[in-house]
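Hello,

Here is the structure I promised to pass on. My notes follow below it.

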Amino acid sequence: MPVPPSPRPRPHRPGPELRRVAANGIEINVAVAGEGPAVLLLHGFPHTWRLWTHVMDGLSAGFRVIAPDLRGFGASTRAVDGYDAGTLAADAEGLLHALGESSAAVVGIDAGTPPAFLLAMRRPGLVRQLVVMESLLGGLPGAEEFLAQGPPWWFGFHREPGLAEAVLSGNEGRYIDWFLDAGTLGDGVEPAVRAAFLDAYGGSEALRCAFSYYRSLPSSAGQILDATRRGRLTVPTMAIGARPVGRALEQQLRPVTDRLVGHVVEDCGHIIPLHRPDELLRLLEPFLAPAETSA
């Protein structure tokens, strides 16, 4: 049986700087670390920018790493609406412009994948490379096997307006823990990160914002389909899967993408940046390297 690689020693670096940035009509809480070409990291549910803690530490030696709380999540504005992928993509574009970046590599996981994809489709001159993980892109062909038994159970629960937040208020911790344990194949996440996630999703208003992403999925799916009918994804793209999504996202991207590479991280749950950060960095670092230095 092969021995898994040892975790790479992480040199101590100063923690990220937290800022509040006005963009696209909201205030975005964002963590920024390092210097160099920009890398924008878009988290999913039930996460905040803290999902990227170890990835930021690894990338900040050579990049300016920008990790926002998405609209309605964490300490960003709990907006009434705007949770469709197109608006979230506009939030990301506005954030990059506000931070003075004319281009960035964009990395998205889970709920961060559809806006990352749409940003690359709509603004290919802004997105140098695209990395997407553990998500599906609306109803694009390629995910039929993954969806053979229907979508995950929580999609329907979250999409019914008002229901999930009414049921879960007061029990947020147990609910969030289920996702953290399932997403790491039972390993769980470190206490400080867990505490940050639980704090971010406490209360019915925080839950409403989180579940608004699911309630906007039909709109997001329409935006994704429209984008693929109008053109192709031309930026260099990497699709990374684990458990449970595997290669389903790669298979959706293959027919609409000019330059695509795909990987599956073995023995890894859905929350790749926390469960297997070293393996993720081994994939990201050469792919994100500037063209003149990449192999």
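Phenylalanine 155 is partly exposed, because its relative accessibility is 25% (buried is under 20% relative accessible area, exposed over 50%, partly exposed in between; 1.4 Å probe, protein chains only). This is a predicted model: local features need pLDDT of at least 70, side-chain atom pairs count only at pLDDT 80 or more, and totals for chains, interfaces and linings use all residues. Residues are numbered from 1 along each chain as its sequence is written, and side-chain values use heavy atoms, without hydrogens and water.

Now the rings. The count comes to 16 aromatic pairs (Phe, Tyr and Trp rings, the six-membered one for Trp, with centres within 6.5 Å; planes under 30 degrees apart are stacked, over 60 edge-to-face, the rest tilted). One of them joins phenylalanine 155 and tyrosine 214: the centres are 5.2 Å apart and the planes at 85°, so the pair is edge-to-face. Phenylalanine 155 sits in helix α4 (residues 153-159) and tyrosine 214 in helix α8 (residues 204-215), 59 residues apart. Helices are DSSP runs of H or I, at least four residues; strands are runs of E, at least two; both are numbered from the N terminus. Tyrosine 214 is buried, at 3% relative accessible area.

Phenylalanine 157 and tyrosine 175 are also edge-to-face, at 6.2 Å centre to centre and 75° between planes. Phenylalanine 157 is in helix α4, tyrosine 175 in helix α6 (residues 172-182). Tyrosine 175 is buried at 11%.

Overall, the protein has 12 helices and 8 strands. Buried residues make up 56% of its 295 residues. Its C-alpha atoms fill a box of roughly 55 × 50 × 45 Å along the principal axes.

Best wishes
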